[in-house]
Amino acid sequence: MGTALVYHEDMTAARLLWDDPECEIECPERLTIALERLRQRGLEQRCLRLAAREASEEELGLVHSPEYVALLRGTQALGTGELQALSGQYDAIYFHPSTFHCARLAAGAALQLVDAVLTGAVQNGLALVRPPGHHSQRAAANGFCVFNNVAIAAKHAKQKHGLHRILIVDWDIHHGQGIQYIFEDDPSVLYFSWHRYEHGRFWPYLQESDTDAVGQGQGCGFTVNLPWNQVGMGNADYVAAFLHVLLPLAFEFDPELVLVAAGFDSAVGDPEGQMQATPECFAHLTQLLQVLACGRVCAVLEGGYHLESLSQSVCMMVQALLGDPPLPLSGPMEPHRSALESIQSVRAAQAPHWMSLQQQDAAPVLSPSTRSPEGSISPLLPGGPEFKAPVVQTEAQAVVALSSLLDQLRLYPTPPLRTAVALTELDAALVLPPDVLHWERSAPQKEMQAWARPHEALAQDKSFNALGKVLYLLDSILDGQVSSGIAATPAPAAAATLDVAIQRGLSHRAQRLLCVAVGQLDRPLDLADDGRTLWLNIRGKEAAALSMFHVSTPLPGLLKGCDPVTWRRLGWTSQNGHRDPAPRAGVNRPRTGRPRQCPEAGPASTRRPESPLACADGRPCSPRPGSKQLSESLTPPS
Ligand code: X5A
Ligand code: ZN
């Protein structure tokens, strides 16, 4: 199953016919240059090329009023003066005699993409379109947008394909208020948007772009707004937003289809966004979305006005859709303080509606709004330049709130020490960077003796001393003093040392441990199969007994003919370049799967019927596979 690229040259026909500095950035070259880059990199050739068709007026009617569609139909016959006058009735809009045709192609391209994915012709795809769609409303053009391409596609997926849960990810740097309005009270469409907001001082200047707009009635909790209150947000901020806001909700929602309102004005260099995210970031974001909905991702171009940045970002996204591994992210990987505030604000606003946000956000009471920098209180992070407000919290409370936030985000505090090394004897052959600390200290003798007693291999002095250092290092990591460490131990004692380290880790602070063993190393016998440890042995023996917590695999690359089951078990890319659907995360802890209803929404009425769709491997997409199915998928080849 491949990747579709939907396009039609006619969409380059519409252009601005008069002087308008606000609108001139939405130009035909946006499409031609992006397409040219795709060709130059051989990416277009790897896609299934589909020529866009026009959406029918009936299809436009899924979202727009008949009067509005008729008005647009009429623009084809207007002269420049009349077009300009009509354009003036809307905010940030220009019409051209070819606008109606282009806009119908743009909506039609989105429909064609959804049809290709939902009929199984392709796994995913991108529609390269103009004009964009996410600002357009039932009876209004807005922000360069004429018909709401993504909203029409979502309605179509519900109506024509019988879908019940669709996720729309709007990573354009403007708030897609059009999409928000259309699905405001609809619990079958989860709409996520991040956008440049600057406390309401950025276009389109709407209060309903803030975190406290969460949807209405039955749709309460299905609108998720993440406003950026400063420019300059970058890779770390975007990834943090996905990890801490979008993905938890998306997993709980369990969509059958992901639509991306793919605006690249959120990328570095764009004059509208003024953000810093590099093109590779969009490959990573795309890859993260591919774990949802069995990888059914339909992206539809929205904004993006820096021609080079736009083109690079489009290439990165298409590469990720094709299954190529993304390039590493560059630049600082620490989110901005303002981004963390926004993330915390939306988490607080959404917590009443989503189980996955509930336990963790219990502690501080936070203002769910970031609307007014002067008038309101930010109990979360006092002292920032934008918070001169009366501070009602004591400093101590604020510190507690802050550290709790940072704990939740697991991004801070960075342990004072980055890396420590525990060696048995200072090996002269080991050349370590000067800032790496050699850990000389040892865990208390008494404790060590108790731990070592059951293990013959630890009776030797050398091994016993090594164990002391290993345990001390482990404790320092678990206490947050050290970020990471390397310990050496004599080979015969390796298994026993690891065994003790695992037991001590689990009995101390660690809830769950991932043990990656490279080479032939036996899994400790007393390791319980209770889900607290996942034993991954690269180039190790097969598990003696069936267990989903024991994965053993040959070294990738060494075994060309590695069996497909092993590849799939690890969620790795198979040789043909397609990603197999990875096992879904979190199956070990039952999830509720539904956001809680708003009080005013009455009894839970959102159904969860069987999905009409199946994954590539024949599993039904929904309800989500239980642990039984996961363990089946982990069964070694017979
Ligand atoms: C689709 C899109 C932006 C409109 C900006 C108006 N529209 N200032 O990016
Ligand atoms: Zn935009």
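Predicted model: local features only at pLDDT ≥ 70, side-chain atom pairs only at ≥ 80, totals over all residues.
**View 1. Protein donors of the zinc ion (ligand 2).** Along the chain, the donors follow the spacing D-x1-H-x90-D.

**View 2. Asp 172 and Asp 265, a pair linking distant parts of the chain.** Asp 172 lies in the loop between strand 4 (166–170) and helix 7 (177–183). Asp 265 belongs to the loop between strand 7 (257–262) and helix 9 (279–289). The two residues are 93 residues apart. Asp 172 counts as buried because its relative accessible area is 1%, under the cut-off of 20%. Asp 265, with a relative accessible area of 0%, is likewise buried.

**View 3. The shell of residues around ligand 1.** Ligand 1 is surrounded by 15 residues, of which the closest are Glu 22, Gly 143, His 174, Asp 265 and Tyr 305. The shell comprises six nonpolar, five polar and four charged residues.

**View 4. Polar side-chain contacts of ligand 1 with His 135, His 174 and Asp 265.** In the side chain of His 135, an N or O atom is 3.3 Å from a nitrogen atom of ligand 1. An oxygen atom of ligand 1 lies 3.1 Å from a polar side-chain atom of His 174. For Asp 265, the distance from a polar side-chain atom to an oxygen atom of ligand 1 is 3.0 Å. Ligand 1 taken alone exposes 310 Å², and the protein buries 98% of that area.

Key. Residues numbered from 1 in each chain as written. Chains lettered and ligands numbered in written order. Heavy atoms only, no water. Donors = N, O, S within 2.8 Å, 3.2 Å for Na, K, Ca; no water. Helix = DSSP H or I, 4+ residues; strand = E, 2+ residues; numbered from the N terminus. Buried < 20%, exposed > 50% of the residue type's maximum accessible area, 1.4 Å probe, protein only. Near = heavy atom within 4 Å. Polar contact = N/O pair within 3.5 Å; in protein donor to acceptor, adjacent residues only side chain to side chain. Areas by Shrake-Rupley, 256 points an atom, 1.4 Å probe, with all protein chains shown as cover. Nonpolar A, V, L, I, M, F, W, Y, C, P; charged D, E, K, R; others polar.
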